[in-house]
Amino acid sequence: MKETTFKLYGMDWRIFTFFSVIVLISACLNIIPNQFIGGIAVMFTLGAIFGEVGERLPVWNKYCGGGAVLAFLGCGILVYNNLMPKNILTVSKGWMNTYNFLNVFICAQVVGSLLGIERKVLLKSSLLYLPALLASLGGAALLGVVGGILFGISPVETLTAYVLPIMGGGAGAGAIPMAQVYQDVTGKDSSAYLSFCMAILAVGNLAAVAFAVILDNVGRVIPQWTGHGQLMKQKQGAVEAEIAEEKKVDRELKMEDIGAAIFLIGAFFVLAQLVAKKVLPTVFGVAIPNFAYMIIFATLANVLDLIPERTKEACHRVQQFCASRLVWAMMAGCGVTLIDFNKMMGVLSVANFIMVLLIVLGCVIGSAAFGSLVGFYPIESAITAGLCMANMGGAGDMAVLGACRRMDLMSYAQISSRIGGAIVLLVGSFIFQFL
């Protein structure tokens, strides 16, 4: 078959269409096994269909997040309206939960991006990033309390029921342990608190995605505010030298380098898991998640120059592959398993909606303002230190970064979700005492 100029997901459109129809028919017949290979077929089909449509729709592709957001919302809407075949639901949940391919994606993004950053830039940005998280939390609290006063909600209730759940780093690492802290400190049952938190968090996650699209478009209008995926401002000469060095190394990469990179990504995860579960699970009574340790170890490996340049660049190439070719499939999986329109509708009053918008806006303003003061690009600072604290953890990070086309920022996003979430838990344990 001769190649045509029109391609879908990098292949001849006829080949893609034929196999997509086969996969969808098989799903309707309930014959796709809930296995890793079945997950590849289903998630790539859904992701590529919605992704290609989203990238080609006028207006949507430029101003609404393109293919990544359409894959996320489109799959969620199909599930909400009971239009998704049960076989696809089963395989998608297996892909995201049983096989936890989201962890593979996040590990590749975190390790690859951290090892791909120039060492001096990484060290400087890391020292300034934690204060940016505090500025984000402060901005969210300030505007949240203002909104609470407008709607007759006390500042303590605003902080505990709205600000902390939204800024807590997601569900598993944020809302759920926060509900347990709530019960331990107050002595009250945590079920009602957790139900409300999860609903508010779901609305906050969509608001964060929407703000990511807005910030991406602001960067198009005011280009000096954005580094197009680069957090720390650098001199032009340094950037050009770094790009030239990357190209030089890239020409030397071999298949064995890519194999070493894949092994190294998995090895960093296991090292972090070992320390988080057995060696040092808590610090001053606060549980430290494995991704937080992985960020620390990958950062140290780069700063101390422990990894050969070719291997670092190979890790960076794996990260770029995931960011460019796997993101639609992952966003489709998040849309099927993460978004819950029923929960959102249950709390979507005008007051709650405005409260959520104010809180997310506050974290954007706080992180952007602080970032601009310390040499960060304000848009990248707002996206990572702001919006990636106000979403649903790892899957939310991917939704936000996919919406604004800045997957290279995943390492900073994970710092926000993991370390930022731990900071919010500490703050929550103090504020809950006033309930």
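Visitor: Let's start with one residue. Is Arg405 buried or partly exposed?
Guide: Arg405 has a relative accessible area of 34%, so Arg405 is partly exposed. Keep in mind that this is a predicted model.

Visitor: Where does Arg405 lie?
Guide: In the loop between helix 18 (393-403) and helix 19 (410-431).

Visitor: And what is the phi of Arg405?
Guide: Near 60 degrees, which is a positive value in a residue other than glycine. Asp305 also has a phi near 60 degrees, and that residue is not glycine either.

Visitor: Which loop holds Asp305?
Guide: The one between helix 13 (290-303) and helix 14. Asp305 has 42% relative accessibility, so it counts as partly exposed.

Visitor: Let's step back. How many helices and strands does the chain have?
Guide: There are 19 helices and 4 strands. The chain has 435 residues, and buried ones make up 53% of them.

Visitor: What share of the contacts comes from residues 24 or more positions apart?
Guide: Counting contacts with a separation of 6 or more, such residues account for 79%.

Visitor: What about confidence, what is the average pLDDT?
Guide: The chain averages 84, and 89% of the residues score at least 70.

Visitor: Where is confidence lowest and where is it highest?
Guide: Lowest in helix 11 (residues 236-250), with a mean of 49, and highest in helix 1 (residues 13-28), at 95. The pLDDT is below 50 over residues 236-241, and that stretch has 2 contacts in the model beyond near neighbours in sequence.

Visitor: Why does low pLDDT matter for the predicted coordinates?
Guide: Where pLDDT is low, the predicted coordinates should not be read in detail.

Visitor: New topic, helix 5. Which of its residues are buried?
Guide: Helix 5 covers residues 86-98, and the buried ones are Asn87, Ile88, Val91, Ser92, Gly94, Trp95 and Met96.

Visitor: What covers them?
Guide: The cover includes helix 1, helix 2 (36-56), helix 6 (101-116) and helix 14 (309-337).

Visitor: Take helix 14. At what angle do helix 5 and helix 14 pack?
Guide: About 115 degrees, and their axes are 9 Å apart. The two helices are therefore roughly perpendicular to each other. Their crossing is left-handed.

Visitor: Which residues make that contact?
Guide: From helix 5, Leu89, Ser92, Lys93, Trp95 and Met96; from helix 14, Met330, Gly333, Cys334, Val336 and Thr337. By class, the contact of helix 5 with helix 14 has 6 nonpolar, 3 polar and 1 charged residues.

Visitor: What follows helix 5?
Guide: Asn100, with a positive phi near 50 degrees.

Visitor: Now another pair. How do helix 7 and helix 16 pack?
Guide: Helix 7 (residues 119-150) and helix 16 (residues 350-374) pack at about 145 degrees, and their axes are 7 Å apart. This crossing is right-handed.

Visitor: Which residues meet there, in helix 7 and in helix 16?
Guide: On the helix 7 side, they include Leu128, Pro131, Gly139, Gly144 and Gly148. On the helix 16 side, they include Met355, Gly362, Cys363, Phe370 and Val374.

Visitor: How many are nonpolar, polar and charged?
Guide: The contact of helix 7 with helix 16 has 14 nonpolar and 8 polar residues, and no charged ones.

Terms used. Residues numbered from 1 in each chain as written. Predicted model: local features only at pLDDT ≥ 70, side-chain atom pairs only at ≥ 80, totals over all residues. Heavy atoms only, no water. Axes fitted to C-alpha atoms, helices over the stretch in contact; angles between N-to-C directions. Left-handed = near helix turned anticlockwise from the far one by under 90°. Contact = heavy atoms within 4.5 Å. Nonpolar A, V, L, I, M, F, W, Y, C, P; charged D, E, K, R; others polar. pLDDT = per-residue confidence, 0-100. Buried < 20%, exposed > 50% of the residue type's maximum accessible area, 1.4 Å probe, protein only. Parallel < 35°, antiparallel > 145°, perpendicular 65-115°, else oblique.
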